[in-house]
Amino acid sequence: MKATVRKFSFMLIGSVGCLIFYGIVFCVSIAFAQTKPASPIPKAPKELKVALVDFLSGPPAKAGTAAINAGRLFIEQINEAGGIGGVKIKPIIVDEAGGVEKQVTEYRRLVLDEKVDAVLGYLSSADCLAIAPVADELKTLTIFNGSGTSKLFEQRDYKYAFRAVNYEGSENVAAALYVTSMKPDLKTIVGINQDYAWGRDSWETFEHAMRRLKPGAKVLETLWPKLGAVEFSAEISKSLAAKPDVLHTSLWAGFLDSFIKQAAPRGVFKETQVVATVGERSIVTIGKDMPEGIIVGGRGGFVPYILPDPKANAEAKKFYEMYEARFGEMPIADSFNMVQDILAMKAAYEKAIKAYGRWPTTEEVVKALEFLQFDSLGVRVSMALGKGHQAIHPQVFGITGSQRHPKWGFPLLEKVKIYPAEKVNPPSTVKHLDWINSWPEGKGP
Amino acid sequence: MTTLTVILIDGIIFASWLFLVSVGLTFIYGVLRILNVAHGSLYALGAYMGASMVLLYLKTGATPYLTYFVLLVAAIFMGIVAGSFIETIFLRRVYKREEEVQLLLTFSLFLILEDVIKLIWGVSPYFADKPYALLGQMRLGGVIYASYAFLLPGIALASGAIIWFIVNRTRFGKIIISVITDREICTSMGVNVPRVCTFAFIIGAILAALGGAFTAPMTALVPGIGVEVIVLAFAVVAIGGMGSVGGAVLGSLMVGLARAAAIHLFPELDLFTIYLVMSLVLLFRPQGLFGEVEVRRI
């Protein structure tokens with residue numbers, strides 16, 4: 001009797017246990033079924049993992065944070081609209097600080113451990129030159145934006161590496177065109193540029209362009225402060241002693257801010273026409289104390305409220321409003337650089353999905369991105385150079401004036417010129433210095 | 001002659017700045033025998049605190065000429081707070097440990113403090129340039145200089161004089177020299193060596209913060225300003241000799257003048273002038289100009 005009761009008890013407990021177990025399995029299956037991708041695209045993954053890399057520490061932190069903030073916000077917008085081909089994007093944020101070796105290691109970790117599908121970003125020219133070969137080695141779609149060295153696609157071809165934003169060639173050709181139009185009687189030039197790829201390339205392009213546009217102009221001095229230096233008193237003294245008509249500088253972000261703060265009380269901006277090729281960030285950070293009369297361009301060709309223009313394009317207007325509401329500050333050029341990278345990636349994926357009718361491989365996306373044309377918040381972008389890997393789009397230059405932005409207080413640019421992409425970039429098969437050297441003497445492209 | 005004058009002026013201005021950023025480092029090494037990598041963070045903290053206090057002070061509408069005093073107060077305050085915290089909580093535990101451990105600790109502190117600075121002050125550039133612009137300009141050697149730049153040699157001289165006075169003319173200075181010479185004997189003779197070390201570290205921290213505070217009006221304060229300073233400070237200290245304030249003076253002058261000459265005469269050499277000077281000095285005198293050869297005690 002006791003044995004029968006014990007046996008019955010075990011059977012009851014076992015049955016109840018099985019019911020509970022199957023119930024749990026059933027619920028988990030239902031939950032799992034809910035998380036399956038809703039994408040109707042065959043072979044679509046659960047999510048698209050994209051790394052966003054930019055400086056979150058160190059002197060460029062302001063620029064990098066603006067880029068990452070914009071990237072996150074824009075990806076949220078894309079995901080809310082259904083993602084790319086129904087697949088949501090998962091951003092993974094990485095700090096670009098720490099040097100080239102660290103970034104290469106970090107890139108490998110992103111691809112091999114985190115298994116990202118694409119890597120976007122990189123502000124430093126030194127980093128992009130090191131990462132591009134690794135992108136080809138690991139066969140991972142990599143789209144640069146902030147770094148501007150012309151060496152990237154003019155010295156070597158890459159398959160998986162792209163840059164979806166203007167490079168220094170466009171900026172410095174536009175700078176030369178602008179300054180010669182503003183100061184046609186200029187005769188002497190001094191250059192103050194940081195001694196690394198970005199500074200060297202920027203000066204080289206500007207100098208070549210000026211030699212064609214103003215054959216009689218003389219370069220008095222070229223000065224090469226170290227990347228990282230924030231004390232420029234000797235360079236400023238040298239420049240004041242030389243008394244040039246034009247001073248070209250590709251100093252950027254906090255370095256340019258320091259230069260402007262040290263130079264202004266010494267009368268540099270009264271004695272010389274300064275051309276800050278990527279001075280847009282400084283008009284925002286220095287704000288109302290920014291001296292008047294400085295020729296300023298934006299990294300990648302962007303200057304807030306001019307290009308992209310919120311008055312001319314509804315998407316741009318929406319982005320400005322969302323960014324300002326979320327972060328309590330205005331977007332800067334670096335914000336648009338990152339957005340443009342994301343749009344390039346999106347356009348390439350969508351083109352490949354349409355061509356193949358299924359989720360594409362990385363090689364198919366890469367092929368779709370080559371020579372692609374797409375819209376970026378009202379800016380028409382064409383991947384025209386570097387065998388389809390380097391973007392070209394319009395370039396903005398202006399001169400700091402006395403009027404202030406009604407909301408943010410930074411000085412508005414006057415005498416704004418927006419140079420069409422074809423005006424400041426070579427044909428696709430020609431290196432930019434060769435193109436500059438082919439200009440008729442005394443005339444531009 | 002004009003170029004020579006400008007090289008001399010630029011060289012002295014840069015040398016003054018170099019001295020301000022490196023004297024704290026060499027003083028701490030001289031007393032505590034610790035290579036303080038966090039020196040760069042103390043400099044940055046002094047800069048940010050100086051800028052913040054100047055901006056706060058200016059909002060009161062009081063006379064802007066007192067901002068120089070505000071910068072001094074900010075440096076002393078930050079030196080005392082940060083210096084005492086770092087020394088009592090962290091460094092005191094590693095005096096008897098290997099140099100590698102000490103280096104790792106101070107490097108870790110540096111990394112932590114860099115992020116602390118970002119947490120407190122954010123990543124946007126800070127500007128407190130009123131003190132820089134206030135003193136106007138002067139023309140020397142045919143070139144306009146901001147008069148503020150000539151404050152730096154004055155502050156550097158005053159710092160050096162105060163250190164010299166403390167070490168050579170005060171009872172505390174005699175105790176410091178004794179502690180440097182032999183800690184064990186000092187302890188046995190009733191000297192409170194830990195307290196002496198704390199005070200010495202605070203003095204070094206104040207000097208570092210002073211360098212930062214008086215540089216703040218000249219630059220845009222951004223995260224990472226301490227990194228560049230560590231490299232320069234180490235180079236100057238290596239040239240002058242670890243632990244020698246006089247060596248820091250001479251090292252700063254040599255580097256400042258060499259860099260100014262390079263910029264005016266051979267700009268391509270600007271990038272590595274300081275390292276060229278360091279290499280040449282260390283080639284012939286590995287312990288630095290005024291450094292002492294370490295004698296091994298048995």
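Predicted model: local features only at pLDDT ≥ 70, side-chain atom pairs only at ≥ 80, totals over all residues.
**Entry: the core around A344(A)**

I then asked which residues touch the most other members of the largest nonpolar core. Of its 240 residues, the list holds A344(A) together with L120(A) and I295(A) from chain A, and L20(B), Y48(B), A209(B) and I239(B) from chain B. I noted that helix α1 of chain B, residues 2-32, gives this core its largest share, 18 residues, and that at least three residues come from each of domain 1 and domain 2 of chain A. As background, I wrote down that nonpolar side chains in soluble globular proteins tend to be buried together.

**Entry: chain A as a whole**

For chain A I recorded 16 helices and 15 strands, with C-alpha atoms that fill a box of roughly 115 × 45 × 40 Å along the principal axes. Buried residues make up 53% of its 445 residues, and of the contacts between residues at least 6 apart in sequence, 71% join residues at least 24 apart.

**Entry: two domains**

I looked up how chain A is divided, and the assignment gives domain 1 as 47-167 + 309-392 and domain 2 as 169-308 + 394-437. Their centres, taken over C-alpha atoms, are separated by 26 Å, and 35 residues of domain 1 are in contact with 34 residues of domain 2. On the domain 1 side, I found that α2, α4, α5 (151-154), α13 (333-356) and β12 (379-385) each supply at least two residues; by class, that side has 19 nonpolar, 11 polar and five charged residues.

**Entry: helix α13(A)**

Since α13(A) supplies residues to that domain contact, I checked its geometry: at 1.5 Å a residue its 24 residues should span 34 Å, and its end C-alpha atoms are 35 Å apart, which agrees. I also found the helix mostly covered, with 18 of its 24 residues buried, and just after it G357(A) takes a positive phi of about 70 degrees.

**Entry: helix α3(A)**

I turned next to α3(A), residues 100-112, whose 13 residues reach 18 Å from first C-alpha to last, close to the 18 Å expected at 1.5 Å a residue. Which residues of α3(A) are buried? I listed Q103(A), Y107(A), L110(A) and V111(A); seen down the helix axis, the buried residues fall within an arc of 90 degrees, so they line one face of the helix. I set beside this the rule that an α-helix has 3.6 residues a turn, so residues three or four places apart point the same way. The buried residues pack against β1 (47-54), β2 (88-95), β3 (118-121) and α4 (125-138) of chain A, whereas the face turned away from the buried side carries the exposed residues E101(A) and L112(A).

**Entry: where chain A meets chain B**

Last, I looked up the contact between the chains, which takes 34 residues from chain A and 37 residues from chain B. On the chain A side, α2 (61-80), β7 (218-223), α8 (233-242) and α9 (253-263) are the elements that give two or more residues, and α8(A) provides the largest share, seven residues. By class, I recorded 12 nonpolar, 12 polar and 10 charged residues on this side of chain A.

Key:
Residues numbered from 1 in each chain as written. Chains lettered and ligands numbered in written order. Contact = placed C-beta atoms within 7 Å. Helix = DSSP H or I, 4+ residues; strand = E, 2+ residues; numbered from the N terminus. Nonpolar A, V, L, I, M, F, W, Y, C, P; charged D, E, K, R; others polar. Core = buried A, V, L, I, M, F, W, Y, C linked by C-beta atoms within 7 Å. Buried ≥ 20, exposed ≤ 12 C-beta atoms within 10 Å, placed from the backbone. Domains from an automatic or database assignment. Expected span 1.5 Å × (residues − 1). Arc of directions from axis to C-beta.
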